[in-house]
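Student: Could you take me through one part of this structure in close detail? I would like to follow a single site and its surroundings.

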Amino acid sequence: MKRIGVLTSGGDSPGMNPAIRAVVKKAIYHGLEVYGIYRGYEGLMEGDIKKLELKDVGSIIHRGGTILYSARSERFKTEEGQQKGVEVLKEHGIEGLVVIGGDGSYRGANQLHKKGIPTIGLPGTIDNDINGTEYTLGFSTAVNTVMEAVDKIRDTATSHERIFVIEVMGRDAGDIAAWSGLATGAESIFIPENSSEKPEMINRLTAGFQRGKKHSIVIVAEGVGSGEEFAKYIAENSNYEPRVTVLGYVQRGGSPVAYDRILGTTLGSRAVELLMEGISGKALGMEKSEISIHDFDYVFSPESKVTDPIVKLAKLSTELSI
Ligand code: ATP
């Protein structure tokens, strides 16, 4: 193998740049050429491809987002689009590919693998919703971003003795909500994996204020509903007038925290090694502090979904918010 490619696809996440950097450096270390494919699968089909040198990945380890840009592409979901992708890779002499992205990006990567392009996937999404890895690139940074925002909101919540409902990202996963809720001492956390009762939340909020609490924080994962819906429920079922904050895209940005830099660096390096060993069709992750290597099909299987740790965190939060 002489030449590999790397692309980022789907929602960007802090940690993608450290992963790109590691792929490029590791490949060059082993005497390979690396080509950056810009704007995900869309850029692949259009041939938006450029050779990357060491200087191209200088000073990016601390930067959020992705220097290769990202995109979503409907055309690449079609057979014709995927064939075009294969053709372009062959035209450029690219013999192996590292795809950094979420579940959808992995599906595209799996198609390329099935069409004979050696392909390795790295989990790049803040949502932490990819099976076969305990953490995804960007999740830790997103949790820290939410934590810092909630700490600030808490200051004003205390000053005005208010309830704040904070809606966080995560799509169908409650990981960001559970982690940030526990890290900020939220009174209630609502996640899709666990059926928390709204009436119980009202009892908890009321008991807290009766005990002299000066504020309350309710964290809602977007997968269970909107912050507005929860605030409305509280207003209709108590004497409180909660305020709502939807944190939104701020959660996707920022300099990656140490864990995301290290995760990107270790997985990016391993991806190059695997391609050099002739391995394809695998998704990398981290399980029990070891790099995990699973078939894409394993990652897509609903049976490999693990929700216990998140449910446990949310339950612990409920126990502690007495
Ligand atoms: P995030 O979790 O941040 O949304 P993602 O990778 O899951 O990231 P998607 O928009 O679902 O984001 O997928 C990214 C791209 O991967 C799509 O725009 C499409 O080009 C490609 N893709 C998704 N599903 C498939 C599929 N079934 N077959 C081929 N390509 C796909």
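Predicted model: local features only at pLDDT ≥ 70, side-chain atom pairs only at ≥ 80, totals over all residues.

Let's start at Asp127, which UniProt lists under "active site" in an unreviewed entry. Asp127 sits in the loop that joins β5 (119-123) to α5. Is Asp127 buried or exposed? A residue counts as buried when 20 or more other C-beta atoms lie within 10 Å of its own. Asp127 has 27 other C-beta atoms within 10 Å, so it is buried. Leaving aside residues up to four places away in sequence, Asp127 touches Met169, Gly170, Arg171, Ala173 and Asp175.

Now follow one of those contacts, Asp175. Asp175 is one of the buried residues of α6, and others include Ile176, Trp179 and Thr184. In helix α6 (residues 175-184), 8 of the 10 residues are buried, so the helix is largely enclosed by the rest of the structure. What do the buried residues of α6 pack against? Their partners are two helices, α5 (139-159) and α11 (308-320), together with the strands β6 (163-168), β7 (188-190) and β8 (216-221). Just after α6, Gly185 adopts a positive phi of about 65°.

Finally, here is the wider setting. UniProt, again in an unreviewed entry, places the feature "domain: Phosphofructokinase" at residues 3-275. That span is 44% helix and 16% strand, and its end C-alpha atoms lie 10 Å apart.

Methods
Residues numbered from 1 in each chain as written. Buried ≥ 20, exposed ≤ 12 C-beta atoms within 10 Å, placed from the backbone. Helix = DSSP H or I, 4+ residues; strand = E, 2+ residues; numbered from the N terminus. Contact = placed C-beta atoms within 7 Å. UniProt positions renumbered as here; feature names shortened; annotations may be inferred.
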